[in-house]
Amino acid sequence: MRDKVKNKLAADISAHLNLPKDLILGDPIVTITGRREITVENYRGILNYETVLIRLSLKHGQVEIHGSNLKIDYYTNDEMKISGRIDKIEYSI
């Protein structure tokens, strides 16, 4: 129940301030470009970094990118670009 109230309040604030809800809630944004590139915004940290698996911590859960020749092209405090051959993306709570 508390999460529903929090989400409703965040939606009201974002609408009032004309800001995206993901910015207010800190939700991750995963942008996939074909099978060669992924940009992840609002991640918390890198849990696993291998050429076949990159696992990231999110505010609520984790995301795993499976593939081959995976590498992190760049990262900042809240955004990361991953490239390589992407075979599967898994999100878990």
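The accessible surface of the protein chain comes to about 6,400 Å², and 51% of that surface belongs to carbon and sulfur atoms; accessible areas here come from the Shrake-Rupley method with a 1.4 Å probe, and for residues only the protein chains shown count as cover. The structure is a predicted model, in which local features need pLDDT of at least 70 and side-chain atom pairs count only at pLDDT 80 or more, while totals for chains, interfaces and linings use all residues. Residues are numbered from 1 along each chain as its sequence is written, and side-chain values use heavy atoms, with hydrogens and water left out.

Of the 93 residues in the protein chain, 28% are buried, where buried means under 20% relative accessible area, exposed means over 50%, and partly exposed lies in between (1.4 Å probe, protein chains only). Among the contacts in the protein chain with a separation of 6 or more, 37% are between residues 24 or more positions apart, a contact being heavy atoms within 4.5 Å.

The secondary structure comes to two helices and six strands, arranged along the sequence in the pattern α-α-β-β-β-β-β-β. Helices (H or I, at least four residues) and strands (E, at least two) are DSSP runs, numbered from the N terminus. Strand 4 (residues 53–58) and strand 5 (residues 61–75) run antiparallel and are joined by six bridges, and they form a hairpin with two residues between them; two strands pair if DSSP finds at least two bridges between them. Within this pairing, Arg-55 has Glu-64 in strand 5 as its bridge partner. Strand 5 also pairs with strand 6 in the antiparallel sense, over eleven bridges, and a hairpin of three residues joins strand 5 to strand 6. Here the bridge partner of Val-63 is Tyr-91 in strand 6.

His-66 has its place in strand 5, and its side chain is joined to that of Glu-90 by a polar contact of 3.0 Å. A polar contact is a pair of N or O atoms within 3.5 Å; within protein, one must be able to donate a hydrogen and the other to accept it, and residues adjacent in sequence count only if both atoms are side-chain atoms. Not counting residues up to four places away in sequence, His-66 touches Val-52, Leu-53, Arg-85, Ile-86, Asp-87, Lys-88 and Glu-90.

Side chains of opposite charge can pair when their charged atoms come close. A search of the whole structure finds six salt bridges, each a side-chain nitrogen of Lys or Arg within 4 Å of a carboxyl oxygen of Asp or Glu. The table lists some of them.

| Residue | Residue | N to O distance |
|---|---|---|
| Asp-73 | Lys-71 | 3.7 Å |
| Asp-87 | Arg-85 | 3.1 Å |
| Lys-88 | Glu-90 | 3.4 Å |

Lys-88 is partly exposed at 42% relative accessibility, as is Glu-90 at 35%.

On the surface, Val-30, Ile-32 and Ile-89 form a nonpolar patch with about 220 Å² of accessible area together. Patches are made of residues with over 30% relative accessible area and no salt bridge, like charges being joined within 9 Å and nonpolar side chains (Val, Leu, Ile, Met, Phe, Trp, Tyr) within 5 Å. Ile-89 lies in strand 6 (residues 79–92) and counts as partly exposed, at 33% relative accessibility.
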